[in-house]
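Please examine the sequence together with the three-dimensional structure shown below.

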Amino acid sequence: MNLEANLNSQMFFTQKVGDIQSRDIRICDPSTPVYKVAQMMAQEKISCLFVGENESEIQGFVTDITLRDSVLAHNLHASIAVGEVMDRGIVHIEKTALLYEALLLMFQTKTRYLLVKDKGDFVGMISRNKILTSQYQGPFIFIQSLKQSQDTAELAQKWRHVPNMVYQLVEKGLRAQIVNQIITTINDIITLRVIENTIRDLGPAPASFVFMVLGSEGRSEQTLVTDQDNAIIYEDKANEQRELVREYFLEFANRVSSALDTIGFEFCKGGFMAKNPKWTHSLSHWKRNYEAWIQESTPETMMKYATFFDCRAIYGDFGLLDELKDFMDTHLQNPTERFFINLGTNALQYEPPLTFFRKNIKTFKIDGEEHFNVKHTMTPIVDLTRLFALKHRIFETNTGKRIELLQEKGVFTPKEAKELSHAYYYLMGMRLEKQSLRIIRKGKKPVNYVALKELTKVQMVTLVEIFKVIKDFQLKIKVEFTKNIF
């Protein structure tokens, strides 16, 4: 509770008016009859309407309270011109002002609405209720506000608040796995809103389907460096319907991916998106994919497609993915030997950045400064837990939960599980902190590399010990899966 209260306070006193989703200014002419004003407000579901010739010449405003106190209470005729009963106390605030300044101004002027100005022009309006009940009250109310977002523009604006929220959570000591869950939940809800809006615009789907996410989102381990990794499975249909069904889902996927890109989830550079025709298919087609990956495995296919073993359903008929996982389970009971050899080789693709004598961090230079890639450092943990999970037919996708289940099965000792989990989430916490700070303080896109000069001596020592833990686990993979100790 104290964490949430502190977070609310911090966020409220640092956010600006321009950060909040302001509403468009709705205007009516001063000569408009009051009953028509009431009709406009009812039709558009708004509680405030401004009065004037245009947005540059606003003379006043009318609210629900105005209609009650100035018209009904005085038994005035409904055809009276709104200009005769409007409130004239127009108050405005600059877009760059802080939210708490806007709220204080509302209390001082006894108004519930402010016009928002930017470079001399009115660009929108905000209400006192909007400020008090907006997303700035914390992650859970923020998540609730996402569910009520109406369009892509509003979702994009809200997504821009996430880095500051993440930094505050990390700074206050919230565990990295919880922060991951919050980011993942936010991403899921944004995607769900986009899907719902797309179906509303495109029409109902012609077949049952499931929209699934892959990679870090499929593992519920989202950070602020995020692109799209998703796919669609739809039910098998009769021959005469196949083209119609496929045409719908490809158009659907294209619209969803385009909207997500607009919001801030960039297109996947590797093309692992539902908008790619290769990753929108019927259930039977998907079964053939997985059968080929398991039974005809090559090092190249594992490098490319291992992420598809981290799939999670977020919308539609979850039973389709359950059926696919049952199919995977059957084939993993008797896979070819090379499947796990290749999966093991994939888990050795990235080595911890340790120098030869395992005493220092191996780095690369960017603009003359020493860095290491924290994502590449974490990747071996993701890969090796996936490898052991599939070997023991565990279909949980989250890395932390995979480690717990592997310990329960006796695959990892309690000490190994604790070391691996602590290593992973220590790196995750550092990654989230550095990404959010880069966005907040530098106004730049987040990245996955960390400058050594930003680390304390304690962090440096901790990282070296973490890299040793990962290195030891990779040796275990070499012996157990690749039959290679060198």
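**A guided reading of the fold**

Thr482 counts as buried because its relative accessibility is 17%, where buried means under 20% relative accessible area, exposed over 50% and partly exposed in between, with a 1.4 Å probe and protein chains only. The model is a predicted one, in which local features need pLDDT of at least 70 and side-chain atom pairs count only at pLDDT 80 or more, whereas totals for chains, interfaces and linings use all residues. Residues are numbered from 1 along each chain as its sequence is written, and side-chain values use heavy atoms, with hydrogens and water left out.

Thr482 belongs to helix H19 (residues 457–482); helices (H or I, at least four residues) and strands (E, at least two) are DSSP runs, numbered from the N terminus. Its side chain reaches the backbone oxygen of Lys478 at 2.8 Å. Such a polar contact is a pair of N or O atoms within 3.5 Å; within protein, one must be able to donate a hydrogen and the other to accept it, and residues adjacent in sequence count only if both atoms are side-chain atoms. Apart from neighbours within four places in sequence, Thr482 is in contact (heavy atoms within 4.5 Å) with Ile341, Gly344, Thr345, Leu348 and Ile477.

The protein chain as a whole contains 19 helices and 13 strands. Its C-alpha trace spans about 90 × 65 × 40 Å along the principal axes. Of the 486 residues in the protein chain, 51% are buried. Among contacts with a separation of 6 or more, 71% are between residues 24 or more positions apart. The chain exposes about 23400 Å², of which carbon and sulfur atoms supply 50%; accessible areas come from the Shrake-Rupley method with a 1.4 Å probe, and for residues only the protein chains shown count as cover.

Strand S8 (residues 230–234) runs antiparallel to S7 and is joined to it by five bridges; two strands pair if DSSP finds at least two bridges between them. Within this pairing, Met212 has Ala231 of S8 as its bridge partner. Strand S10 (residues 312–316) is also antiparallel to S7, with four bridges joining the two. Here the bridge partner of Val210 is Gly316.

In soluble globular proteins, nonpolar side chains tend to be buried together. A nonpolar core is a set of buried Ala, Val, Leu, Ile, Met, Phe, Trp, Tyr and Cys residues joined through side-chain atoms within 4.5 Å. The largest such core has 110 residues, and those with the most contacts inside it are Ile186, Phe211, Phe252, Trp286, Phe372 and Phe412. Helix H9 (residues 176–202) supplies the largest share of this core, ten residues. A second, separate core of 14 residues includes Val34, Met41, Ile80 and Met86. Beyond neighbours within four places in sequence, the contacts of Phe211 include Thr191, Ile195, Ala231, Phe252, Val256 and Ile314.

Helix H11 (residues 239–263) has 25 residues, which at 1.5 Å a residue should span 36 Å; its end C-alpha atoms are 37 Å apart, which agrees. The expected span is 1.5 Å times one less than the number of residues in the helix. Among the buried residues of H11 are Phe249, Phe252, Val256, Ser257 and Leu260. Their cover includes helix H7 (152–159), H9, S7, S8 and strand S9 (280–282). Gly264 follows H11 and has a positive phi, near 140°.

Gln228 is located in the loop between helix H10 (215–218) and S8. This residue is buried, with a relative accessible area of 3%.
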